[in-house]
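Please read it with the model open.

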Amino acid sequence: DVPRSKVVFVSIHADSLHPSVRGAMVYVAARSLRVRSFRAGQRALKGHEEYRDHPTVRIDSDFAARSEASSRYMAGRIVESLVRNDIAVHPNKPVRDRIFRSRGKGAWAPAVLKYSLAQNAVLVECANLANAEDRANVVDAEWRQQFSLALVEGLVDSFSPTKHAD
């Protein structure tokens, strides 16, 4: 068994915001926006012993707090690595713990984070597709390679005993 503290979940997306917004952002789930319990509703899962034994998943407040803290730390190392590797990051708070959109919902956390049982869980918005420069980067294979390597470097930095030296 791998300890929860060593499990990583990374979901990579490309946002579509106002064209003036540029760069990567990393989301973590605020502990206050996590669900406390849920049941997986997919019929395909019902055939698995793990589901039959534990159909309700519980996320206690202690785990939610640890997850937010370790995910926020990992998100910071990812942003530092992106900057170090010349990948544009959102200039205003590139690490966020909630999403605000004009959907009438108020603040919310992406489902992939809100329901995640990985202690280290982030959603990375690699670029803003509404921004022409970001969009051009996303279709460029060299940029995607540079972004991927910077992301991996940030993940490694999160678990390294010594901080990455320039």
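This is a predicted model: local features need pLDDT of at least 70, side-chain atom pairs count only at pLDDT 80 or more; totals for chains, interfaces and linings use all residues.

The points below go from the overall build to the cavity and then to the salt bridges.

1. The protein has 5 helices and 8 strands. From the N terminus, the elements run β-β-β-α-β-α-β-β-β-α-β-α-α.

2. **Burial and surface.** The protein has 166 residues, and 39% of them count as buried.

3. **Contacts along the chain.** Take the contacts between residues at least 6 apart in sequence. Of these, 79% join residues at least 24 apart.

4. **The cavity.** The structure holds 1 cavity of 30 Å³ or more. The space in the largest cavity is about 50 Å³. Its lining consists of Ala29, Arg34, Ser67, Glu68, Ser71, Leu113, Ser116, Ala118 and Ala121. By class, that lining has 4 nonpolar, 3 polar and 2 charged residues. Helix α2, residues 61–84, gives the largest share of the lining, with 3 residues.

5. **Salt bridges overall.** The whole structure contains 10 salt bridges. Side chains of opposite charge can pair when their charged atoms come close.

6. **A pair within helix α2.** Arginine 66 and aspartate 62 form a salt bridge through their side chains, with 2.4 Å from N to O. How far apart are the two residues in helix α2? They are 4 residues apart, so about one helical turn separates them. Arginine 66 has 35% relative accessibility and counts as partly exposed. Aspartate 62 is partly exposed too, at 49%.

7. **A pair between helices.** Arginine 84 forms a salt bridge with aspartate 157, and their closest N and O atoms are 2.7 Å apart. This pair links distant parts of the chain. Arginine 84 sits in helix α2, while aspartate 157 sits in helix α5, residues 141–159. The two are 73 residues apart. Is aspartate 157 buried or exposed? Aspartate 157 is buried, with a relative accessible area of 7%. Arginine 84 is partly exposed, at 24%.

8. Aspartate 97 and arginine 98 meet in a salt bridge, 2.9 Å from N to O. Aspartate 97 is buried, with a relative accessible area of 13%. Arginine 98 is partly exposed, at 26%. Which residues belong to the network of salt bridges that share partners? Arg31, Glu68, Arg72, Asp97 and Arg98 are joined into one network. Glu68 is also one of the residues lining the largest cavity.

Methods:
Residues are numbered from 1 along each chain as its sequence is written. Side-chain values use heavy atoms; hydrogens and water are left out. On a 1 Å grid over the protein atoms alone, a cavity is a set of points where a 1.4 Å probe fits but cannot get out, and a pocket is an open set with protein on both sides within 12 Å along at least five of seven lines; lining residues have an atom within 4 Å of a point. Grid points are joined across faces, edges and corners, and a volume is the space filled by probe spheres set on the points. Ala, Val, Leu, Ile, Met, Phe, Trp, Tyr, Cys and Pro count as nonpolar, Asp, Glu, Lys and Arg as charged, and the others, Gly among them, as polar. Buried means under 20% relative accessible area, exposed over 50%, partly exposed in between (1.4 Å probe, protein chains only). Contact means heavy atoms within 4.5 Å. A salt bridge is a side-chain nitrogen of Lys or Arg within 4 Å of a carboxyl oxygen of Asp or Glu.
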